[in-house]
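I opened the model to look up two things.

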Amino acid sequence: MKPLGLLSQLAAIGLAIAIVSFFVRPTFTDIGELQTEIQKYADERERVTDTNLALDQRVAELESISINNRARLATYMPSLLDEVAVLRDIEIIAQNAGVNYSEIQFNGEHTDDSDESRLADNDDLLVGQEFAVTIDGSYSRLKDFFSMLEQNEYPLQVYTLNVSVLEGGFLTAETTLVTYVTSVESEAE
Amino acid sequence: MQGSSNNSFIPKRRNSKRQSSRPARKVFLLTIITYSLLFAALLAAAGTAFYKNYTAAQLAREAVLLDAAVNTFSVQDFKRVQEFDDTLTKAKGRVDNTVSMVAVLDELDRITAQPIQINGLELQRQGDEVLLVTLNFSTETLDAALFQRKVLTANSALFADVKISEVDIQNAVEATAAGGADTPPAVTFIAEFSTPLTAALYDPVEARRTDIGTRVGQSINTLNTAGNVELETTIPSEPEIGLDESFDIDADIEFGSETVLPEDVEVNETTI
């Protein structure tokens, strides 16, 4: 090893310090930032992979539901209202129950102004569609009518009911039925 | 021998002490340190530069992998699943809040005492919370009305906050003259009560019974000729209650402990 002069030694030490200060340390900082980025990317990739796996699992579950059941769900909670079909169904139910109907009409969108409804945490954003039905018949026939409404393939829920006695032993019932759709547009429009 | 040694042509050297002129061993400690530092700095620079390149390449690989993972995500599948889940949740919400009108009517059948007739029924649903029910009862005797009130307030888990109002007691002769009916009711009153929706929820198993709606008359409930429901409940006979058939409305009537008004029952607008 050839000895260096003092000046050269000082210059070499200065160069070494400069290399460490101006290259090695910033490079280390860069490497740290890169590693942090890599970790972030890896975490995100893991999340995306987990999400993809979960989605695949849900899709598999969805596919495992029979077409029949999916169709029944679509019937129970349609996106659009076909009020003519609903009117026809109510008419068929009334006929099958053996009650006479004097009025079955579509009233439009149902609005529940009660305090209970306004205060309730109603976040399902369903749109109720209202039908007014006036029927008359014996008590057992009316009960059959309501029973058939309950067994209908989509909800026809009674919101108001007014039963009074007719002459001749019959009852008349004025009722408001509400069915639900997930969208506000009507299919007939 | 001594002479021969002196006669030698080889110059004699003085037998002096030989001083060794060993050069001083210099330890260039500062030089070593300098070299070490310089090489270390250069090595560190090379190493960090290499490692930085390696790390940058790794980051690029991670970015590509993330991009590939993101690209495998199917937005269409996600929408499909989300829509289905949304519809299913909404449907469940409706199913969970479906009231069985048949259950309400069955309960009315059950709690309506035999001499009582229901002349009118009004029912109003308020959101997904309660059903408000208003019943217009009529009967021929006041004790039957009182018994009905007791049954309403005590025997039904479905109906709560029972309020009896507009109790109207008519003389049979006057009622016949006014209404023209053969057997006019002597006592009419209105019962109002609320039913929490959860108490009358729709039960698919119960709803699919084949005898639903038609079992009236087969069970304890019977349908009278006027279309009103009567209950074959064991109502105390009038002598048991202690009320004479031709009672005096102005007299002090004592019905015993069984007919004491519950505290939560409000009686108002009584007209005679």
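**Helix α3 of chain A**

I checked the length of helix α3 (residues 83-97) of chain A: at 1.5 Å a residue, its 15 residues should span 21 Å, and the end C-alpha atoms are 21 Å apart, which agrees. The expected span is 1.5 Å times one less than the number of residues. Helices (H or I, at least four residues) and strands (E, at least two) are DSSP runs, numbered from the N terminus.

The model is predicted: local features need pLDDT of at least 70, side-chain atom pairs count only at pLDDT 80 or more, and totals for chains, interfaces and linings use all residues. Residues are numbered from 1 along each chain as its sequence is written, and chains are lettered from A and ligands numbered from 1 in the order in which they are written.

Next I looked up burial (buried: 20 or more other C-beta atoms within 10 Å of a residue's own; exposed: 12 or fewer; partly exposed in between; C-beta atoms placed from the backbone). A:Val86, A:Asp89, A:Ile90, A:Ile93, A:Ala94 and A:Ala97 are the buried residues of α3(A). Down the axis of α3(A), they fall within an arc of 140°, so they line one face of the helix. The arc is that of the directions from the helix axis to the C-beta atoms. On the other side of α3(A), the exposed residues include A:Arg88 and A:Gln95. After α3(A) comes A:Gly98, with a positive phi near 80°.

**Chain contact**

I then turned to the contact (C-beta atoms, placed from the backbone, within 7 Å). Chain A gives 66 residues and chain B gives 71 residues. α1(A) supplies the largest share of the chain A side, 29 residues.

Terms used. Contact = placed C-beta atoms within 7 Å.
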